Amino acid sequence: MANVGNQLPTQAVSKPAAGKHGNVLPLWGNEKTMNLNPMILTNVLSSPYFKVQLYELKTYHEVVDEIYFKVTHVEPWEKGSRKTAGQTGMCGGVRGVGTGGIVSTAFCLLYKLFTLKLTRKQLMGLITHTDSPYIRALGFMYIRYTQPPTDLIEWYDGFLDDEEELDVKAGGGCVMTVGEMLRSFLTKLEWFSTLFPRIPVPVQKIIDQQIKARPRKVAQKETQEEEETTFTESGRQGERRRSRTPRRTPSPRRSPKRSRSRSHHRERDRHGPSFDRELERERDRQRKEREGRDRDRDNRGDRGERERRRSRSADRNQERRERRRSRSGSRERRSERREKEREGGDDRSRRKDRDHHKDRGTERERSRDKKSRGETDERRHKEDRERHREERKAKRSSRSRSRDRRHKSGGEEKSRKRDRSHSRERDRERDGEQRSHKRSRSKERSHHQRESSNDHSKHSERRRSHSTE
């Protein structure tokens, strides 16, 4: 969020489509923040009054009625809600940077009007309204925040001598006319605890020249009022001297005689002394009241100093008495302590002996406990060692048994293998013998066959020889 208090003269201006005097108003500066101070804008947007109650108002006339009933001043913060004591520089009361407070209904409604995007006709209706001066004040403030600086003097030109009065301060105490308020809008940058958008230097020079060339119109009115109010002035002065409270003109919205109907005529013929005279009288009265207050404070200060001196002397006497009493009491206590120490010396020695014996007994018990704990620890260690030994022995025996089993199983397997080899050899021998027998039998058979064949051949030869013979 930009610092809208220091607006540059080269900011964009959204121009209306229907010309300079059309119904659509131009907007100068930031079109989202309305050139408000960032602290005020954040408090407005976060206030429950703006978020809940003003959210329900949708039309221009509803917002005007809300201004009529709710606005009582034109200050940005409510009374007593913002503490700026002791703050200087950028955190002071003018800048509004460091601290916040409860934002006023006037500025909430001002930003609500900005959200409605007022037309030229609606804005003219605000600044010429007859029901309440606060409606007009918010209209003029809307112009100061949103309109280009070159158009401000044209808007305010017909109202710089307006004599309608309003109290602009929260809680009351700052009554001024509409014309004086507009002159301060044009010539001063500060407005209570906030800043208006900065006007460019050349435009400000033109505005100052026009205001200086146009003095306030008070002389004619003063002469008329002096002629009309010569016979009533003395009585009113007596009444004002008697009354301590300042006389204020009743606001239009608070007067019981004022009707709610909005008539378009304004009561311009006002009775009574002029504003300047009233202001001077009011200042004299306030100055007298201040002098009286200062005197009362001085008198009270003298009385307070006397009472303080008396109270100080009485306090000093009481302190002296208390010191004496405390000294006597301390002496008595010291003597009593000495007697008790003498009497209690034996008791202390006995107590010391008892404590010593108790300490010895406790030490013995502790040593016994330590010994018993050590013995139990040794026993546990021995038992653990024996267990480990037994476990080792069991493991060794199991290992030996497994080895024996393995050896036995290996011998049996070897014997089985040997038997198998023997049986195989025997089978082989048997097979060899069988084969040799078969061979011998076959040889014998072949031999017999050969012999039989030889014999047969011999017989056949013999037969042949016999036959031949």
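**Entry: ground rules**

I note that this is a predicted model, in which local features need pLDDT of at least 70, side-chain atom pairs count only at pLDDT 80 or more, and totals for chains, interfaces and linings use all residues. Residues are numbered from 1 along each chain as its sequence is written, and side-chain values use heavy atoms, with hydrogens and water left out.

**Entry: the whole chain**

I looked up the secondary structure and found 12 helices and 6 strands in the protein chain. Helices (H or I, at least four residues) and strands (E, at least two) are DSSP runs, numbered from the N terminus.

I then looked up burial. Of the 469 residues in the protein chain, 29% are buried. Buried means under 20% relative accessible area, exposed means over 50%, and partly exposed is in between, with a 1.4 Å probe and protein chains only.

The protein chain exposes about 35,200 Å², and carbon and sulfur atoms supply 45% of this area. Accessible areas come from the Shrake-Rupley method with a 1.4 Å probe; for residues, only the protein chains shown count as cover.

For contacts I used heavy atoms within 4.5 Å. Among contacts in the protein chain with a separation of 6 or more, 73% are between residues 24 or more positions apart.

I went back to Met34 for its backbone angle. Most residues other than glycine have a negative phi. Met34 is not a glycine, yet its phi is positive, about 60°. Met34 counts as buried because its relative accessibility is 0%.

Asn35 lies in the loop between S2 and H1 as well. Its phi is near 65°, a positive value in a residue other than glycine. Is Asn35 buried or exposed? I found 1% relative accessibility, so Asn35 counts as buried.

**Entry: Ser193**

I looked up Ser193 in the loop between strand S5 (190–191) and strand S6 (194–195). Ser193 has a relative accessible area of 10% and is therefore buried. The C-alpha atoms of Ser193 and Asn37 are separated by 10.0 Å, while the two residues are 156 residues apart along the chain.

**Entry: salt bridges**

I took a salt bridge to be a side-chain nitrogen of Lys or Arg within 4 Å of a carboxyl oxygen of Asp or Glu. How many salt bridges does this rule give? The count comes to 7.

Lys70 and Glu66 form a salt bridge at 3.2 Å, N to O. The two are separated by about one helical turn, because they are 4 residues apart in helix H3. Helix H3 covers residues 60–70. Lys70 counts as partly exposed at 38% relative accessibility, whereas Glu66 counts as buried at 16%. Leaving aside residues up to four places away in sequence, Glu66 touches Tyr49, Leu54, Leu57, Val71 and Leu109.

Asp162 and Arg136 form a salt bridge at 2.4 Å, N to O. This pair links distant parts of the chain, 26 residues apart: Asp162 is in the loop between helix H7 (152–156) and strand S3 (165–167), and Arg136 is in helix H6 (residues 133–146). Asp162 is buried, with a relative accessible area of 10%. Arg136 counts as buried at 0% relative accessibility.

Asp157 and Arg214 form a salt bridge at 2.1 Å, N to O. Asp157 lies in the loop between H7 and S3 and Arg214 in the loop between helix H9 (201–212) and helix H10 (219–228), so the pair ties together parts 57 residues apart in sequence. Asp157 is partly exposed, with a relative accessible area of 35%, and Arg214 counts as partly exposed at 24% relative accessibility.

Which residues are linked with Asp157 and Arg214 in a network of salt bridges? I found Asp161 and Arg183 in that network.

**Entry: a charged patch**

I looked up a negative surface patch and found Glu291, Asp294, Asp296, Asp298, Asp302 and Glu305. Patches are made of residues with over 30% relative accessible area and no salt bridge, with like charges joined within 9 Å and nonpolar side chains (Val, Leu, Ile, Met, Phe, Trp, Tyr) within 5 Å. Lys and Arg count as positive and Asp and Glu as negative; His and the chain ends are not counted. The place of a charge is taken as NZ of Lys, CZ of Arg, CG of Asp or CD of Glu.

Asp296 is in helix H12 (residues 275–468).
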